[in-house]
Amino acid sequence: MLKKEQNDLLTQTGPGTPMGRMFRCYWIPALLTSELPENDCPPVRVKLLSERLIAFRDTDGRYGLMDEFCAHRGVSLWFGRNEQCGLRCPYHGWKYDVTGQCVEVPSEPEASGYAKKVKLKSYPLVERGGILWTYMGPPEAPPPLPEWEFITVPPPQTFTTKRIQESNWLQAMEGGIDSSHVSFLHRGDLNSDPLFKGAKGNQYNLTDQRPVFEVVESNGGLYIGARRNAEGGQYYWRITQWVMPTFTMIPPRGNHAVHGHFWIPIDDENCWTWSFDYHPIRQLTEAELAAMRDGKGIHVRYVPGTFRPLANKDNDYLIDRAAQKAGRTFSGVEGIAMQDASLQESMGPIVDRTKENLVSTDNGIIMARHRLLRSVKAFVEKGTVPPGVDTAHQKVRSAAMVLPPDVPFTEGARDALIAQPAVAPASV
Amino acid sequence: MSSAAEARFRVQAPNSLPRSIKVIALDGSGEAVVRRVAASGWRRATFFTMEPGDAGLSDLGGGRRSIAQEIESADLVILVAGPGGQAHAAARIGEACSRVRVMTTGLVVGGAAASDTALSKTLAQLRPWSLMLVMAGNDDYIDDMMTALRA
């Protein structure tokens, strides 16, 4: 459990809140690059950290992210005309460049210079790895650009999607480090999902369904190790990475792609779930890409034209009670992503952690909250840069390995937990 | 289904009975942490050290306590040790917990600066008897863990 004030502290990320200020220390994913496919394309509404913004790509290919509403009468610039290096409000023709600077107020004499006195709040928007990243903190102190491995490998080796999740970011993120739920909720998918099946490690999962967990602090966040019995008294380890505040990376299986998530607050009751798959040393195959586009693995199928999952709370996640009864799925919901999201959304928009009853296997979650609370306190009181801003914290990998019984996994998997170009991931 | 309005109508009645948590220091590093955290005043946790020679448990006032009796009344046992310490007693406590099916959590404190050798030694003693093992960089983690577990 958390005290109410702790729960409020961690779940509120709007402007001026402690956690919101800490989130604004990081580059966070804002849009897929494909959402702004060409110069002068239609603008896109973006809500991040409880701020309503508009993103656009101008005539010269520059990206902009700024206050959604025109400074004149508050009209949404989503209706704007993206033309000649600026976004023009269709109401009275006020025009803004990618920095939010007003460059034209047609009703005022140009010589008056009035346009120069109008500027919308704006944030940088940079492309890396098929994603447009933004930094919403103080402009005088931007952190180094993100260097997560999945955005630094060549494009044919990586694939990213995003979906709306109708819950606070924290309960979604906590699902990503809650290794103990996998043996229940996702047990039907190891042998059937094309992006998981066939790995030798799956057999360890299926033959030892009582994993033992070890939680270890890392420089950027946590390692969560799940240990199962393997041959000859050795242990099969699956080591999940959590990097503050909201990056998780799932241990790989066989030669399948490696995957992970970001959970980015839209507002306090909704978040974007970003889901990536990549392979450090090979291109993704057409079959893999087709499966990902079809919603397999950690991806979803969508309501056409949106990022809302096709299975959502308005249709009870298309629950299939017959599949649940037959054991094809444990919860009746199809697909790993929506199995997680359906249950996390059912907890309520912001779960009341004063009422929960955590148990010992929840120590990964408890430690993550501990680190978040400690970091936000240090950041607010002393200005300490939080873990995860340093790009060294971002060059990490999850791992799956068989190790001798007396070896700390942090020692046995030390090299495997660091992203190294052209080195294969440690996987079983 | 999960709107803010819906969340307001969730039943507010208590949904669990209190659990009994026993916190046992296995070595000197563990004892320092246990004595500090015990001073915070917990409602459902009791704290112990190992008697010399690991003969039995000792409460923090120095009174001798039976391992079997203390474990039998526990819902969770937390074993606390430092890297490289003498955590042999984990086996005695662990066996007692195993007999009565009590969950055990191992907590290695001060692990951030520990050598691999020291950590490995402690892990070898704790791993067979811990169903959850945590290596915390800061000694104050146990406070948050116990609060989270409603100690």
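Between chain A and chain B, 27 residues of chain A are in contact with 29 residues of chain B. Please keep in mind that this is a predicted model.

On the chain A side, the elements that contribute two or more residues are β13 (212–217), α9 (336–346) and α10. Which of them gives the largest share of that side? It is β13(A), with six residues. If we sort the chain A residues that touch chain B by class, we get eleven nonpolar, seven polar and nine charged.

Let me stay with β13(A) for a moment. This strand pairs with strand β7 of chain B, residues 132–136. The pairing is parallel and runs over four bridges. For orientation on the screen, find A:F213, which stands opposite B:M132 in β7(B).

Next, the helices. Helix α10 of chain A, residues 363–382, packs with helix α6 of chain B, residues 141–148. Their axes are 10 Å apart and the angle is about 125°. Angles from 65 to 115 degrees would count as roughly perpendicular and those over 145 as roughly antiparallel, so α10(A) and α6(B) are oblique to each other. As for handedness, α10(A) and α6(B) cross in the right-handed sense.

Who makes that contact? From α10(A) we have A:N363, A:I366, A:M367 and A:H370. From α6(B) we have B:Y141, B:D144, B:M145 and B:A148. By class, the contact of α10(A) with α6(B) comprises five nonpolar residues, two polar and one charged.

Now a sheet within chain A. Three strands form an open sheet in the order β1-β11-β10, and the pairing is antiparallel. Which strands stand at the edges? They are β1 and β10, the latter covering 125–128. Each has a single partner strand, so one side of each is left without a neighbour in the sheet. From one strand to the next, the twist averages 40°.

Take β1(A), residues 27–32, in more detail. Is this strand mostly covered or mostly open? Mostly covered: five of its six residues are buried. So we have a strand at the edge of the sheet, with one side lacking a neighbour there, and yet most of its residues are buried. Its partner is β11(A), residues 131–135, and the two pair in the antiparallel sense over five bridges.

Last, chain B as a whole. How many helices and strands does chain B have? There are six helices and seven strands. Read from the N terminus, the elements go α-β-α-β-β-β-α-β-α-β-α-β-α. Chain B has 151 residues, of which 46% count as buried. Along the principal axes, its C-alpha atoms fill a box of roughly 55 × 35 × 30 Å. If we take contacts in chain B between residues at least 6 apart in sequence, 77% join residues at least 24 apart.

That is what I have. I will take comments now.

Methods:
Residues are numbered from 1 along each chain as its sequence is written. Chains are lettered from A and ligands numbered from 1 in the order in which they are written. This is a predicted model: local features need pLDDT of at least 70, side-chain atom pairs count only at pLDDT 80 or more; totals for chains, interfaces and linings use all residues. Axes are lines fitted to C-alpha atoms, for helices over the stretch in contact, and angles run from 0 to 180 degrees between N-to-C directions. Angles under 35 degrees count as roughly parallel, over 145 as roughly antiparallel, 65 to 115 as roughly perpendicular and the rest as oblique. A crossing is left-handed if the near helix is turned anticlockwise from the far one by less than a right angle, and right-handed if clockwise. Two residues are in contact if their C-beta atoms, placed from the backbone, lie within 7 Å. Ala, Val, Leu, Ile, Met, Phe, Trp, Tyr, Cys and Pro count as nonpolar, Asp, Glu, Lys and Arg as charged, and the others, Gly among them, as polar. A residue is buried if 20 or more other C-beta atoms lie within 10 Å of its own, exposed if 12 or fewer, and partly exposed in between; C-beta atoms are placed from the backbone. Two strands pair if DSSP finds at least two bridges between them.
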